[in-house]
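Here is a walk through one protein model, from the whole chain down to single residues. Keep the 3D view open while reading.

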Amino acid sequence: MKLISLALLLAFSTALHADDRPNIIFLMSDDQSTYTMGCYGNEDVQTPNLDRLSADGMTFDNHYDTTAICMASRANVMTGMYEYKTGTNFMHGDMLRSTWQKSYPVLLREAGYLTAFAGKFGFDLKETPDGKRVGMPEEDFDRWGGSPGQTNYKTARNKSMAAYADKYPHSTLSYGAFAGDFIRESAQAGKPFCLSISFKAPHRPTTPDPQFDHVYAGKKFKKPANFGRANGDHFSKQSKQDRQYDRFYGWNYADKYDKVMAVYHQQIYAIDVAVGMIRDALEEAGVADNTVIIYTSDNGFFCGSHGYGSKVLPYEESSRVPMIIFDPRNANSGKQLRSEALTGNIDFAPTMLSLAGLAVPENMDGKNLMELYDDPEAAIHESLALINVWGHAPTHALSVVTKDLKYIHWGFADEGFEVTEELYHLEKDSLELTNQALNPEYQQAMEQMRKAYDGHLANWKAEAVPYNDYERFGTIFDRSIGWDEKSSLVGESKPWVE
């Protein structure tokens, strides 16, 4: 009898101390615009698994990458901080290990989570700003499938993923297989896990998985209403000074739109299949009911809107991206709810830490997205900064977005240029077809947005890292300082290929 009682007591004690914290899966594509998914209104595409994730969870309609280029955006996601605090981007430098130690993967692992990463990591670490690059933090994960640089669409060329190459020669589905293995291993271990997958797709080079060639063969795609150069005439001269402008023709949006978009959407179709693989693995492992899934992209893509290609600039197609959260434990799941609240990629790290019951460090700029999941009518940000300090100097800009308005300040005023302001009423003009900056009816809104801009600039001046060339932008972006005073700080530089 005593042995039976002791066994019951031990079982009861184990149940009381069972780690029932939710598992977390963070999925991120590369260069995916909002109009690539059925749940965002595109009837020309097939994204059944992503659409099911949207229906099961909550879809966010005003989600922005605060820097719309992969290296900086990934640093934003990992740390929950704006770029000027991570110190990480092309043309600037790598992340310091001391900054990385405050990232969500490190903090979750320290709190008892099993962690895994696969795909395009996006940045390297250094011990000091002037020190040698030490590479990616593979040792900070329990399972590793990450690769340096842009990674490769051929699975065999990604060293950490080579074991999947025979069955999944194209990398997109290999990440789905990697996820399934980690999910099963974690379920058997009985510990909560955090899995982060960063797909290379649909980033160029355009290399889709050939097994899906039939999906969009011969397909004609409806162009967005703001397609073409005529719909970008009102954009600043500064915005037309880098490769984003050239690629409207260089990447054949102008003359081969259907062919280009068929390949682009085919790459996303493979991501959709991988998402289905991951959800099936959760069901098979018996952990689906306690796993929160987040899906997003590291930046958007113009795809010919306004006569531009690529990303980087603060306009909607480049900076606003898909975002879905599914928490099966929440009563709001399964209601096909959407949130119009303003959200950003700096919100992911605080959200994941909060899901795990951890305090959010004060250095993080983001907020807990689950507040919106609990109440889709709520708000967590009044405004967000949109940053570009990559590429040629004229295109550098600090911008501010609210749920309804966007203000862009183009301060480069060298010979042939003049300071330009743009204001868009996104609630009425989501395609950004009318610049309201000089409209007398919008002068109060202009003053409101200028004030918000100045507030974000003040944060930049106070909090920018003292390395990797971020401090000077506190002066360059200052609206109150004339060009003559700051022109010597600008200079011209050639962008890196990324």
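**From chain to core**

Among contacts between residues at least 6 apart in sequence, 72% join residues at least 24 apart in the protein chain. The model behind this value is predicted.

The protein chain holds 15 helices and 15 strands. Its radius of gyration is 23 Å, close to the 23 Å that the globule rule gives for 498 residues, so the chain is as compact as a globular protein of that length. The C-alpha trace spans about 90 × 55 × 45 Å along its principal axes.

Next, burial and surface. Of the 498 residues, 62% count as buried. The chain exposes about 19800 Å². Carbon and sulfur atoms supply 50% of that area. Charge can be counted too: there are 49 positive and 68 negative side chains. The centres of these two sets lie 5 Å apart.

Now the interior. In soluble globular proteins, nonpolar side chains tend to be buried together. Here the largest nonpolar core has 106 residues. Which of them touch the most other members? They are Tyr104, Leu195 and Tyr253. Helix α9, residues 257-285, gives the most to this core, with 14 residues.

Look at Tyr253 in detail. Beyond its neighbours within four places in sequence, Tyr253 is in contact with residues including Phe227, Phe248, Val260, Met261 and Phe301. Its contacts also include Arg204 and Arg247, as well as Cys303, Gly304 and Gly309.

Turn to Leu342, in strand β11, residues 337-344. Is Leu342 buried or exposed? Its relative accessible area is 2%, and buried means under 20%, so Leu342 is buried. Leaving out residues up to four places away in sequence, Leu342 touches Asn62 and Tyr64, among others. Its contacts also include Ile380, His381, Glu382, Ser383 and Leu384, and Val401, Thr402 and Lys403. Leu342 and Leu384 are 42 residues apart in sequence, with their C-alpha atoms 7.9 Å apart in space.

Finally, Ala177 sits in helix α7, residues 171-189. Ala177 has 10% relative accessibility; the cut-off for buried is under 20%, so Ala177 counts as buried. Leaving aside neighbours within four places in sequence, which residues is Ala177 in contact with? They are Tyr164, Tyr168 and Met277. Between Ala177 and Leu108 there are 69 residues of sequence separation and 23 Å in space, C-alpha to C-alpha.

Key. Residues numbered from 1 in each chain as written. Predicted model: local features only at pLDDT ≥ 70, side-chain atom pairs only at ≥ 80, totals over all residues. Heavy atoms only, no water. Helix = DSSP H or I, 4+ residues; strand = E, 2+ residues; numbered from the N terminus. Rg over C-alpha atoms; globule rule 2.2 N^0.38 Å. Buried < 20%, exposed > 50% of the residue type's maximum accessible area, 1.4 Å probe, protein only. Contact = heavy atoms within 4.5 Å. Areas by Shrake-Rupley, 256 points an atom, 1.4 Å probe, with all protein chains shown as cover. Lys, Arg positive; Asp, Glu negative; His and termini not counted. Charge placed at Lys NZ, Arg CZ, Asp CG, Glu CD. Core = buried A, V, L, I, M, F, W, Y, C linked by side-chain atoms within 4.5 Å.
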